[in-house]
Number of protein chains: 2
Amino acid sequence: MSRLAKTDADMVRVHNRLAVLDHLRRVAVTTRKAVSEATGLSVSASSAISGALLRGGLLEEIEEDDRSIRRGRPGKSLALCGRAARVAALKIAVGEVSGRISDYAGRPLAEMRRGVDISGKDGGFIVDLLAELASDLTAELAEEPRELDKVVVAVQGKTFSDLSGIVWSPALKHRHIEIAEPLSILLGAPVSVLNDCSLMPEAFRWRADFTGLDFATLFVGFGVGMGLRLNGATFQGKHSSAVEFGHINHMPGGALCRCGNHGCVEAYAGDYAIWRSATGKGDIPAHRIGDEAMQRLADAARAGDPAARAAFEAAGNAIGYGLGRVFTMIDPLPIVMTGSGAKAIDLLETSIRGGIRESAVDGLGSDTPLIVEEDTDALVFDAGTAYALAALDQEFARSGAEATEAA
Amino acid sequence: MSRLAKTDADMVRVHNRLAVLDHLRRVAVTTRKAVSEATGLSVSASSAISGALLRGGLLEEIEEDDRSIRRGRPGKSLALCGRAARVAALKIAVGEVSGRISDYAGRPLAEMRRGVDISGKDGGFIVDLLAELASDLTAELAEEPRELDKVVVAVQGKTFSDLSGIVWSPALKHRHIEIAEPLSILLGAPVSVLNDCSLMPEAFRWRADFTGLDFATLFVGFGVGMGLRLNGATFQGKHSSAVEFGHINHMPGGALCRCGNHGCVEAYAGDYAIWRSATGKGDIPAHRIGDEAMQRLADAARAGDPAARAAFEAAGNAIGYGLGRVFTMIDPLPIVMTGSGAKAIDLLETSIRGGIRESAVDGLGSDTPLIVEEDTDALVFDAGTAYALAALDQEFARSGAEATEAA
DNA sequence: AGACTTTTTCCAAGCCTCGGAAAAAATGGT
DNA sequence: ACCATTTTTTCCGAGGCTTGGAAAAAGTCT
């Protein structure tokens with residue numbers, strides 16, 4: 001009946017180890033003293049914990065040359081040991097799977113992209129494809145082969161809230177596809193499946209300029225999606241992958257959306273919607289509008305084509321209204337924007353801010369920072385990797401360090 | 001730089017004491033053994049902590065008559081000691097201030113309501129008024145007078161996120177009114193000022209049927225407001241009091257709202273909006289529509305008056321679209337509804353669910369539970385009291401128990 | 001080479017919780 | 001009535017982690 005569980009010395013140990021690992025993620029290289037200052041632990045405790053993590057193989061002492069010329073005994077530099085683990089961030093998108101392998105220190109080791117027509121394929125095919133991609137990525141490495149320790153699959157579309165697979169994806173005709181369990185058996189590592197957009201805030205998990213900050217990531221491309229970082233945690237819905245920003249209703253009874261409803265934000269701001277509006281065709285195009293096509297359309301708008309301009313303006317307006325609604329509900333948030341929409345930000349920003357101004361109380365948030373990250377793939381890989389490493393840190397803090405206890 | 005702070009034995013003690021208090025809040029009366037089972041603590045620890053809290057005066061051993069006829073040594077019944085503290089939940093509404101005093105066990109001791117024209121008054125007047133109300137409430141008690149230990153002020157309108165006062169309220173013409181500091185000096189107790197709607201989920205904090213559940217409270221009355229309970233915490237915005245559900249835009253360029261924007265949910269679903277729509281008058285009525293007037297309007301709709309019916313239907317539709325937007329963003333949530341709208345739920349429910357169906361992906365959430373709580377004041381008092389008691393528990397867990405250490 | 005400084009390591013002490021044993025307080029047979 | 005049983009509390013030693021201070025280590029500065 002109680003909601004608050006007890007705590008004990010074990011929890012203290014786990015928590016403090018995690019604090020040390022967290023600090024290392026942020027600064028990459030420190031000393032025991034610096035760890036003590038950053039975490040609030042005594043130097044004795046900091047030293048003891050560092051020592052245990054060192055013996056456990058999670059950390060390594062490194063030689064640093066840029067030792068500032070200060071008096072006194074120089075601190076021994078500590079860093080995460082890349083060899084402690086290996087993680088993969090995989091991505092399923094329309095007509096393409098891709099992935100990146102990184103070491104425990106977060107350094108990318110290999111990256112790969114593979115165009116495949118996966119639309120009509122079933123779960124077994126997808127799982128095999130991902131497993132093959134992962135093993136090819138591993139094979140590419142010079143170092144001796146070793147198994148992965150954690151795998152994250154980012155998917156366009158809706159995923160189960162228990163991270164086990166795909167409810168529905170625009171990349172796949174089949175529905176309800178189990179991924180985590182079969183793939184984890186093939187790869188010998190735990191697998192988590194998440195929506196790409198809601199995962200994206202993880203990319204900023206250890207970045208100093210985003211620490212403690214609430215913000216949203218906004219993907220505007222073929223679809224429109226959002227990720228939220230609230231109270232220092234990446235928001236995950238209970239029911240599904242959540243924050244379906246693209247399907248927040250913009251205009252009751254408005255334009256037809258892919259989802260079957262009328263008036264969704266996506267029905268104005270998705271690539272297909274902008275295309276539909278600019279070309280004057282009423283139907284949803286059967287195939288994905290390519291990035292190049294969207295670039296041409298944006299160039300036409302920049303050159304003054306009135307239909308194209310109007311289409312981008314309507315898109316920005318819908319996004320702005322959507323953001324205004326989010327801001328009214330949650331709070332004004334800084335926005336990290338990516339996707340093809342980020343490349344057309346010059347055409348969208350004015351109407352986005354205008355939409356916020358019209359829809360939020362007192363126009364609050366219409367001047368919110370808008371940070372553009374053009375490389376969506378890199379963002380998703382960063383996010384998946386961070387998520388995987390955070391999961392490993394938690395696991396290692398719990399039990400990993402003393403396993404190899406043998407000074 | 002680090003985000004994760006260290007933990008130590010102190011934290012363990014605080015956390016576990018809080019766990020014991022939390023359990024007592026839920027079940028009202030237990031035994032040391034039951035505490036151990038509920039929290040996961042060993043019986044030794046449970047006994048030790050209970051003993052400390054007992055000596056600290058937070059708990060008391062009580063004689064119970066309903067002892068079930070079981071073998072073995074009967075457990076000594078423990079309960080929160082009402083005399084350990086006294087809290088007040090005060091409320092500022094249009095033309096009225098009210099309040100309730102409760103003891104540490106959460107039992108209401110006195111309640112009071114006072115109609116006052118506060119519209120044009122300044123901060124000093126409001127603070128004095130609240131202080132007077134609090135002392136009158138205290139005077140009403142038979143027991144010897146004693147100071148309050150914690151005061152919560154619930155306000156219609158927007159409050160500062162640091163809980164210090166009122167940014168803006170429909171009850172007051174003045175803006176930016178400091179309440180917490182001056183009132184805490186007058187009353188000798190810490191004061192927190194919060195928005196009434198966002199506070200409401202606190203009323204369910206210790207209720208078994210809501211434990212661990214995410215849900216929303218929805219107030220539909222002169223204004224329209226929402227409270228959110230997400231991940232076991234009552235949502236509080238960083239920027240202001242947050243979840244301005246009534247001002248989430250419903251229809252771009254739509255009906256004029258009190259806030260100056262066009263198309264807010266409130267501009268369709270607020271009392272004044274329903275009235276405006278039913279009577280065919282275009283303006284926002286200058287004065288608050290009374291509850292009786294709304295009842296008459298509802299009765300007219302029930303009797304078949306088409307304009308009234310249409311007005312309620314439009315209101316329900318706007319609420320439904322708003323909920324659909326929230327559900328699309330967060331997740332479908334059970335709704336606890338209160339305010340004059342709760343009394344007209346028979347006129348609203350169909351169109352609310354219709355609105356959700358039209359605006360949420362796959363209509364998800366259109367069948368969400370809709371729980372009606374007609375007594376809004378009781379809900380606000382319950383919420384304020386729970387908030388105050390939770391704050392005290394935290395404080396007592398940290399330091400209170402051993403202060404009176406003298407068996 | 002010796003004085004200083006700063007970082008690490010080492011060790012006894014202090015707090016918690018835990019597990020088991022002993023004590024306490026009833027019930028149920030005989 | 002009395003003793004065995006059962007169940008709840010209390011008591012006590014042990015174990016784990018952090019702490020603070022002292023000692024050791026490893027460099028700079030003069």
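Questions and answers on a predicted model of two protein chains and a DNA strand follow.

Biologist: What should I know before reading the model?
Modeller: This is a predicted model: local features need pLDDT of at least 70, side-chain atom pairs count only at pLDDT 80 or more, and totals for chains, interfaces and linings use all residues. Residues are numbered from 1 along each chain as its sequence is written, chains are lettered from A and ligands numbered from 1 in the order in which they are written, and side-chain values use heavy atoms, leaving out hydrogens and water.

Biologist: Which residue of chain A comes closest to the rotation axis?
Modeller: The distance is taken at the C-alpha. At 3.1 Å, the residue is Met251(A).

Biologist: Which residues are closest to DNA strand C?
Modeller: A residue is near the strand if one of its heavy atoms lies within 4 Å of it. By that rule, 26 residues surround DNA strand C. The closest are Lys6(A), Ser47(A), Gly72(A), Lys76(A) and Arg13(B).

Biologist: What share of the DNA strand C atoms within 4 Å of the protein belong to sugar or phosphate?
Modeller: Such atoms belong either to sugar or phosphate, or to bases. The sugar or phosphate share is 71%.

Biologist: How far is the polar side-chain atom of Arg13(B) from a phosphate oxygen of DNA strand C?
Modeller: A polar contact is a pair of N or O atoms within 3.5 Å; within protein, one must be able to donate a hydrogen and the other to accept it, and residues adjacent in sequence count only if both atoms are side-chain atoms. For Arg32(A), the distance from a side-chain N or O atom is 2.8 Å. For Arg13(B), it is 2.5 Å.

Biologist: Is Gly260(A) buried, exposed or partly exposed?
Modeller: Buried means under 20% relative accessible area, exposed over 50%, and partly exposed in between (1.4 Å probe, protein chains only). Gly260(A) has 46% relative accessibility, so the residue counts as partly exposed.

Definitions and conventions. Copies are superposed by least squares on the C-alpha atoms of residues with pLDDT of at least 70 in both.
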